[in-house]
Amino acid sequence: MLSFLIGIVIGYQSAVQLKTFGANIYIVNLIGISTFRELAPLITGILLAGRVSSGYTANIGLRKVSEEVDALKVLGLSPVVLLTLPRLISATFFTPFLTLFSALTMLLGGALVSDIILDINIRDFFFRLSEIVANKHFLAGMIKTPFFGFYIAIIGTFYGFMTEKRPESLGYSVMKSVVSSIAGIILIDAIFSIIFMWIKL
Amino acid sequence: MTPIIEFKNVVSKYGTKVIHKNLTFKIEPGEIVALVGGSGSGKTTVIKLILLLLKPASGKIYFKGKDTSHLTPQEEQEMRDRMGVVFQFSALFASMTVGENIMYPVIKRRKIYNELIKENAFLKLKLAGLDEEVFYMYPEELSGGMKKKAALARALALDPELLILDEPTSGLDPISAEEFDHTIKTLRDLMGITVLMVTHDLSSLRIADKLLVLSKGEIAFYGHPKELSKAKNEWIQQLISTSRGEFLNA
């Protein structure tokens with residue numbers, strides 16, 4: 001839903017400017033490339049940082065406060081392996097799929113605005129999209145998403161285990177987890193942008 | 001008789017902070033020992049030391065006469081398997097039913113048939129004073145007292161020789177607390193199990209055979225609860241003078 005609305009906003013802002021210059025058709029380039037390369041991965045990353053990272057921290061933190069983590073240790077089981085590994089795997093592997101879904105809904109929002117304001121119908125929008133958005137733009141966006149997922153899971157579980165056995169510590173851990181995740185996602189994105197510039201991707 | 005647990009000149013630290021200066025005490029088989037002390041006196045650290053989750057900075061800890069300082073991780077775990085722990089907040093795994101919680105340690109630590117594991121879980125549930133239908137309930141559906149009893153059933157799952165209770169009656173109403181104390185005493189009388197109970201609830205001291213009082217990282221008193229009034233320690237005198245500790249003076 002959020003991606004769809006962002007697609008509408010980007011589409012509307014671009015359409016108004018492009019219409020002034022009579023460059024209506026370039027809206028597909030603008031929305032298509034920006035969505036695949038940057039917007040969809042970044043928005044998905046930030047949303048997951050807020051939703052998943054906080055969820056992981058809260059869940060593990062609560063287990064720490066309620067001594068479930070201690071109970072696992074007494075049973076000779078590694079809480080780090082049991083509670084981190086499944087989260088790490090799921091976040092790393094599912095972030096690309098969520099990014100792809102986010103990109104498609106964002107494009108749909110952009111296509112809808114293009115149809116209404118610039119008279120580019122939705123079918124033409126997606127037809128042109130398939131012609132101009134090269135694989136490299138798609139790849140540039142998708143390559144970084146597993147790293148986003150991995151980082152979010154690491155931060156979320158790390159702050160979960162850092163939670164102290166005081167209830168107020170849990171809220172503080174969740175806050176630190178969300179802030180660190182969002183800041184980290186933007187930093188990783190910036191690093192990838194520089195790398196892509198070097199390797200001309 | 002060989003003590004279940006013996007501390008000899010144990011010093012423990014968190015980083016540079018000294019928690020215990022010199023602990024020496026024994027817990028004999030079949031005893032109920034209550035561990036009492038002010039906040040920050042190192043009661044929980046004693047539990048961690050016994051469970052071998054924390055190593056002493058110096059001194060020795062013996063479990064049934066065996067020195068625990070040079071054990072391999074596997075030997076340490078085998079030793080831990082002979083102890084059952086009821087945590088302060090019950091620490092039941094929220095995603096599992098009570099039955100699964102009780103079966104979990106057995107599944108992880110023993111190689112026996114599933115049917116036997118289930119039968120054992122029902123037996124432990126009964127020993128802890130809970131009805132069979134609790135087996136299928138989730139921890140969130142239980143009252144505070146029932147959660148403690150379910151945690152007790154899980155602690156009994158591996159037939160421990162030493163039962164460690166961390167503030168077992170905290171957060172319970174007086175009736176549930178009394179019931180829980182009664183269950184512990186019955187378990188000791190029936191199974192001869194040794195119990196170490198960390199508590200702030202002075203009324204629970206009635207079931208204790210011995211009282212171990214920690215103050216400022218040292219043992220301020222270790223003996224029968226009735227002898228406590230003779231102790232000259234300032235914290236103990238304050239404890240006895242409170243209305244809740246009056247019966248200790250009797």
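Student: Let's start with strand 3 of chain B. Which of its residues point one way, and which the other way?
Tutor: B:Ile32, B:Ala34 and B:Val36 point one way from strand 3 of chain B, while B:Val33, B:Leu35 and B:Gly37 point the other way, and all are buried. Keep in mind that this is a predicted model.

Student: How many bridges join strand 3 of chain B to strand 8, and do they run parallel or antiparallel?
Tutor: There are 4 bridges between strand 3 and strand 8 (residues 194–198) of chain B, and the two run parallel. For instance, B:Val33 has B:Leu196 in strand 8 of chain B as its bridge partner.

Student: And what about strand 9 of chain B?
Tutor: Strand 9 (residues 210–215) of chain B also pairs with strand 3 of chain B, in the parallel sense and over 5 bridges. There, B:Leu35 stands opposite B:Leu212.

Student: New topic: what is the strand order in the open sheet of 4 strands in chain B?
Tutor: The order is 2-1-4-5, and the pairing is antiparallel. Strand 2 (17–27) and strand 5 (66–67) of chain B are the edge strands, each pairing on one side only.

Student: How many bridges hold strand 4 and strand 5 of chain B together?
Tutor: Strand 4 (residues 58–63) and strand 5 of chain B pair over 2 bridges, in the antiparallel sense. B:Phe63 stands opposite B:Lys66 of strand 5 there.

Student: Which helix packs on that sheet?
Tutor: Helix 1 (residues 43–50) of chain B does, touching strand 1 (5–14), strand 2 and strand 4 of chain B. The direction of helix 1 makes about 115° with that of strand 1 of chain B.

Student: Switching to helices: at what angle do helix 5 and helix 6 of chain B cross?
Tutor: Roughly 15°, with the axes of helix 5 (residues 144–155) and helix 6 (residues 174–191) of chain B coming within 10 Å. Angles under 35 degrees count as roughly parallel, so these two helices of chain B are roughly parallel to each other.

Student: Which residues meet there?
Tutor: From helix 5 of chain B, B:Gly144, B:Gly145, B:Lys148, B:Lys149 and B:Leu152 meet B:Ser176, B:Glu179, B:Phe180 and B:Thr183 of helix 6 of chain B. By class, that contact has 2 nonpolar, 4 polar and 3 charged residues.

Student: Now chain A. How do the axes of helix 2 and helix 6 of chain A cross?
Tutor: Helix 2 (residues 27–65) and helix 6 (residues 135–162) of chain A have axes that come within 8 Å and cross at roughly 15°. Their contact has 17 nonpolar, 13 polar and 3 charged residues. Helix 2 of chain A passes helix 6 of chain A in a right-handed crossing.

Student: How many residues of chain A are in contact with chain B?
Tutor: 10 residues of chain A are in contact with 13 residues of chain B. On the chain A side, they divide into 4 nonpolar, 2 polar and 4 charged.

Student: Last one, B:Phe87. Where does B:Phe87 lie?
Tutor: B:Phe87 is in the loop between strand 6 (83–86) and helix 3 (98–109) of chain B.

Student: Why does B:Phe87 count as buried?
Tutor: Because B:Phe87 has 23 C-beta neighbours inside 10 Å, and the cut-off for buried is 20 or more. Leaving aside neighbours within four places in sequence, B:Phe87 is in contact with A:Glu67, A:Asp70, A:Ala71, B:Ala151 and B:Asp166.

Conventions:
Residues are numbered from 1 along each chain as its sequence is written. Chains are lettered from A and ligands numbered from 1 in the order in which they are written. This is a predicted model: local features need pLDDT of at least 70, side-chain atom pairs count only at pLDDT 80 or more; totals for chains, interfaces and linings use all residues. Axes are lines fitted to C-alpha atoms, for helices over the stretch in contact, and angles run from 0 to 180 degrees between N-to-C directions. Angles under 35 degrees count as roughly parallel, over 145 as roughly antiparallel, 65 to 115 as roughly perpendicular and the rest as oblique. Two residues are in contact if their C-beta atoms, placed from the backbone, lie within 7 Å. Ala, Val, Leu, Ile, Met, Phe, Trp, Tyr, Cys and Pro count as nonpolar, Asp, Glu, Lys and Arg as charged, and the others, Gly among them, as polar. A crossing is left-handed if the near helix is turned anticlockwise from the far one by less than a right angle, and right-handed if clockwise. Two strands pair if DSSP finds at least two bridges between them. A residue is buried if 20 or more other C-beta atoms lie within 10 Å of its own, exposed if 12 or fewer, and partly exposed in between; C-beta atoms are placed from the backbone.
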